[in-house]
Amino acid sequence: MSSSPGSPSSPSFVIHKLTYPDAPDCPTSLLIDERIIPHLPTPVHPPRLTPLGEDGTPCFEVRPAGDKGLGIFATRHIATGSLIVVDHPAIITPGKIPLMNDARSSAYRSLFDALPLPRRDELRTMTNSRSPEECNTMEEGISRTNGAAVDLGLPDEFGVEAKEYGAVFIIINRTNHRSAILTDFISVADVRCSCGPNAAHKWDLASFSSSLYALRPIAPGEEITMIYTDVTQNRDARRARLHAHHGFICHCPFCTLPSPLSEESDTARAALRDWRHTRPTFSGWATDLCKADDFVLKTHMEALALIEKEGLQGMESSFVRDVCSCWAMLGEEREYRIWAERLIKLSQVRDPVLAQEVMESLSDPASKVQKWGWRKKQKTPAKAELSRDYDVAFRLYVKAAELYLHLSRTIGDQSPLQAGKWKTSAGKALQRAEKIKAFVAKSKPLGALDATSDATTSEGQASLTPVGIDHFSARALISSHSLVIRDVNCVA
């Protein structure tokens, strides 16, 4: 069914049907711009199929969920990261469609009528929270209420609005407290999780299917839930959006917390939303030897504790990946293995390529993980400082400054931004060297900075090992490191 002759400014919309090799009785009906059809993939088998137990049944069942209609409930224990179900969409509809009145109503009815009767009848039992003023027909209301954005892999020539399509799934859409609608659809990639859900789903274009998986352990009899809105918003904002788009007030455990616990929850969620913009990151720490070894680990552990408290496990994997990478950079195999196993569980459905890569690394982390133990291999100035070996610390900071400047010269005009960052790091290292020099000069007795002085002083006083050039002498930086100082001053 089309609206008018096709052109870039006036596209024609038709009903198109897709069938699947793994589920021939569960086709998808699409209301779609006919120009898009040649760009759609020929569906292949999904990477994995819905897992079945020894009795041949899935790990869930669909049954009444009180005033929420039907819901999905676990029939046995479901482990973190485990696949729950693979589902092909029943219908796919555009975010915007230039059809009005009878033509629009006819298009949505034809969309449903293209499905086999059992699939069509099941679809019509789904929630419709749209008013008649918003949607002329029940079919359009169901599409708009339950649609989740899917990427059809279209080229940029179609424009942003022309590429917006939403899918409705027979099984996955039975998970209560789904994602909120953004314009008309929520992006599946933005799913984080009931206001503290236990499941999420991932779209796979090649097989035209979505995989529902567990974000945390799900007990037998527990309802399987996803998010309907941005759960990092405060409670009032979440409730307002859910009421406006889905017609209900959320009464989940996180929305019914008493004061002041509710305010604490709002603060924690806001902090998690902005965490990566306000806290240390792995990329900024990895090769910066001026930062402590646990610089990122400490803050990420705080984030993971908040995630656990707020039930936001949908945000967990990126933090776990960073922690895993931190232990690799530190060369701590025992800790790396613990966190790598956790990352594999979280990623087996969400990012199977990453899961496989990490799994392969466990056979020999030291040889298979890039930059394994890099920080551990460095004799860091910070460690020398902690052991009060100030002479070594001083020399290492100066050496670090030289290395950073060498890197900045090597990369040169190829990446001015990175070169500038290296020069900034050189400046920081040299500043720390100057602070150590000043500290030692202040704490030493008169004459102790003489390069020819004895290695030991009176009992209880700090001493420096005599070296050919006393790095703490007044002339040291000028004579031995004039190039470093000159280049760093040029940066400033």
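I take buried as under 20% relative accessible area, exposed as over 50% and partly exposed as in between, using a 1.4 Å probe and protein chains only. Ala270 has 23% relative accessibility, so I log Ala270 as partly exposed.

**Ground rules.** I am working on a predicted model, where local features need pLDDT of at least 70, side-chain atom pairs count only at pLDDT 80 or more, and totals for chains, interfaces and linings use all residues. I number residues from 1 along each chain as its sequence is written, and side-chain values use heavy atoms, with hydrogens and water left out.

**Entry: Ala270.** Helices are DSSP runs of H or I with at least four residues, strands are runs of E with at least two, and both are numbered from the N terminus. I then looked at Gln233. Ala270 and Gln233 are 37 residues apart in sequence, yet 6.7 Å apart in space, C-alpha to C-alpha.

**Entry: helix α3.** I checked how covered α3 (residues 138–146) is. Eight of its nine residues are buried. I list them as Glu139, Glu140, Gly141, Ile142, Ser143, Arg144, Thr145 and Asn146. What covers them? I count contact as heavy atoms within 4.5 Å. The cover of the buried residues includes strands β6 (89–94), β7 (148–150) and β8 (165–169). It also includes helices α1 (101–113), α2 (117–123) and α4 (235–246).

**Entry: helix pairs.** Two packed helices are described by the angle between their axes and the distance between the axes. I use axes fitted as lines to C-alpha atoms, for helices over the stretch in contact, with angles from 0 to 180 degrees between N-to-C directions. Under 35 degrees counts as roughly parallel, over 145 as roughly antiparallel, 65 to 115 as roughly perpendicular and the rest as oblique. A crossing is left-handed if the near helix is turned anticlockwise from the far one by less than a right angle, and right-handed if clockwise.

I began with α8 (residues 295–310) and α9. They pack at about 155°, with their axes 10 Å apart. So α8 is roughly antiparallel to α9. Their crossing is left-handed. On the α8 side I noted Val296, Leu297, His300, Met301, Ala303, Leu304 and Ile307. On the α9 side I noted Glu316, Phe319, Val320, Asp322, Val323, Cys326, Trp327 and Leu330. For classes, I take Ala, Val, Leu, Ile, Met, Phe, Trp, Tyr, Cys and Pro as nonpolar, Asp, Glu, Lys and Arg as charged, and the others, Gly among them, as polar. The contact of α8 with α9 divides into twelve nonpolar, one polar and two charged residues.

Next came α10 (residues 333–350) and α11 (residues 352–361). Their axes come within 7 Å and cross at roughly 155°. They are therefore roughly antiparallel to each other. α10 passes α11 in a left-handed crossing. This contact has ten nonpolar, three polar and one charged residue.

I read an angle of about 165° and axes 8 Å apart. That makes α15 roughly antiparallel to α16. The crossing is left-handed. I found 20 nonpolar, three polar and three charged residues in the contact.

**Entry: Asp322.** I returned to one residue of α9, which spans residues 316–330 and holds Asp322. Is Asp322 buried or exposed? It is buried, with a relative accessible area of 13%. Leaving aside neighbours within four places in sequence, Asp322 is in contact with Arg276, Phe282 and His300.

**Entry: cysteines.** I call a pair of cysteine sulfur atoms within 2.5 Å a disulfide. By this rule I count zero disulfides. The sulfur of Cys195 has its closest cysteine sulfur in Cys255 at 3.6 Å, too far for a bond. Cys195 is buried at 0% relative accessibility. For Cys324 the closest is in Cys326 at 9.4 Å, also too far for a bond. Cys324 is buried at 4%.

**Entry: backbone.** Most residues other than glycine have a negative phi, and most peptide bonds are trans. I looked up some exceptions. Phe208 has a positive phi near 50°. Phe208 sits in the loop between β10 (199–204) and β11 (209–214), and it is buried at 0%. Lys371 has a positive phi of about 60°. Lys371 is in the loop between α12 (365–368) and α13 (374–377), and it is partly exposed at 44%. A cis peptide bond joins Ser259 and Pro260, with omega about 5°. I place Pro260 in the loop between α4 and α5.
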